[in-house]
Amino acid sequence: MNTQEALPMDLEPVGPAREAAVTFRTPLPGPTRHTTMDSPLGELTLYGDGEALGGLLTPPKDGVRRVVPSDWVRDDASFTEAKRQLAAYFDGRLRQFDLPLAPAGTPWQLQVWQALTTIPYGETSSYGQLAEEIGRPTASRAVGMANGRNPISVIVPCHRVIGANGSLTGYAGGLERKKHLLALERSGR
């Protein structure tokens, strides 16, 4: 698939700086906890510190089942609320997540991921717009690289970032999943 494919819907990057929807915190020490859940994107792997979500992984693009590191601890109970909210999102009943988040990243990455949370449900932004919003108007490529390393996809909506010309650009989970998420949000189900 062409990574510069135009969006099949009338999505265009939008407007002025917005206020962040969430605050990130530092992950707690201790073992990484994880669980899985089925979704329209395939089996998702959720992980975190037992109190906050640190990551949400979509299935690998090659279709191979994800194997978590051997030192991670299976803990379904710690992710009950995250799974409930994700199910509601995929059903079209939830537009904004309300979960404690603790992604691990560099200060720059955290700043970009925070900016991603300002993009409203059903809307999009470009890499250049995000760079301007965080006060680094010439850093659109760096924004793109940080966006690609977002560990909490779907919830920290990196799928809402498109090219300045309205084209679909890379998505770690694959462009078909990005299209699916954008179509879900545009449908207003």
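**View 1. A glycine with a positive phi sits in the hairpin of β1 and β2.** Six residues lie between these two strands, and among the residues of this hairpin Gly42 takes a positive phi near 110 degrees. Helices and strands here are DSSP runs numbered from the N terminus, with at least four residues (H or I) for a helix and at least two (E) for a strand. β1 and β2 pair in the antiparallel sense over five bridges; two strands count as paired if DSSP finds at least two bridges between them. Look for Thr35, which stands opposite Leu46 in β2. A word on what you are viewing: this is a predicted model, in which local features need pLDDT of at least 70 and side-chain atom pairs count only at pLDDT 80 or more, while totals for chains, interfaces and linings use all residues. Residues are numbered from 1 along each chain as its sequence is written, and side-chain values use heavy atoms, with hydrogens and water left out.

**View 2. The hairpin of β2 and β3 also holds a glycine with a positive phi.** There are four residues between these strands, and Gly50 takes a positive phi near 100 degrees. β2 (residues 44-48) and β3 pair in the antiparallel sense over four bridges.

**View 3. Strand β2 is covered on both faces.** In a regular strand the side chains alternate between the two faces of the sheet. On one side of β2 are Leu44, Leu46 and Gly48, and on the other are Thr45 and Tyr47. Five of the five residues of β2 are buried, meaning under 20% relative accessible area, with exposed being over 50% and partly exposed in between (1.4 Å probe, protein chains only). Over the whole chain, buried residues make up 49% of the 189 residues.

**View 4. Helix α2 is mostly covered.** Seven of the ten residues of α2 (residues 107-116) are buried, among them Trp108, Val112 and Trp113. The buried residues of α2 pack against α3 (127-133), α4 (140-148) and β6 (161-162). Further along, Thr118 lies in the loop between α2 and β5. Thr118 counts as buried because its relative accessibility is 7%. A polar atom of the Thr118 side chain lies 2.6 Å from the backbone oxygen of Ala115.

**View 5. Four aromatic residues gather in one cluster.** The members are Tyr89, Phe90, Phe97 and Tyr121. Rings of Phe, Tyr and Trp (its six-membered ring) pair if their centres lie within 6.5 Å; planes under 30 degrees apart count as stacked, over 60 as edge-to-face and the rest as tilted. By this rule the count comes to four aromatic pairs. The ring centres of Tyr89 and Phe90 are 5.3 Å apart and their planes stand at 70 degrees, so this pair is edge-to-face. Tyr89 and Tyr121 are also edge-to-face, at 6.2 Å centre to centre and with 85 degrees between the planes. This second pair links distant parts of the chain, with Tyr89 in helix α1 and Tyr121 in the loop between α2 and β5 (125-126), 32 residues apart. Tyr89 and Tyr121 are both buried.

**View 6. The largest nonpolar core has 40 residues.** Such a core is a set of buried Ala, Val, Leu, Ile, Met, Phe, Trp, Tyr and Cys residues joined through side-chain atoms within 4.5 Å. Leu86, Tyr89, Phe90, Leu101, Val154 and Ile155 touch the most other members. β2, β3, α1, α2, α3, α4 and α5 (175-187) each supply at least two residues of this core. Not counting residues up to four places away in sequence, the residues that Leu101 touches include Val22, Phe24, Leu53, Ile152 and Val156.

Terms used. Contact means heavy atoms within 4.5 Å. A polar contact is a pair of N or O atoms within 3.5 Å; within protein, one must be able to donate a hydrogen and the other to accept it, and residues adjacent in sequence count only if both atoms are side-chain atoms.
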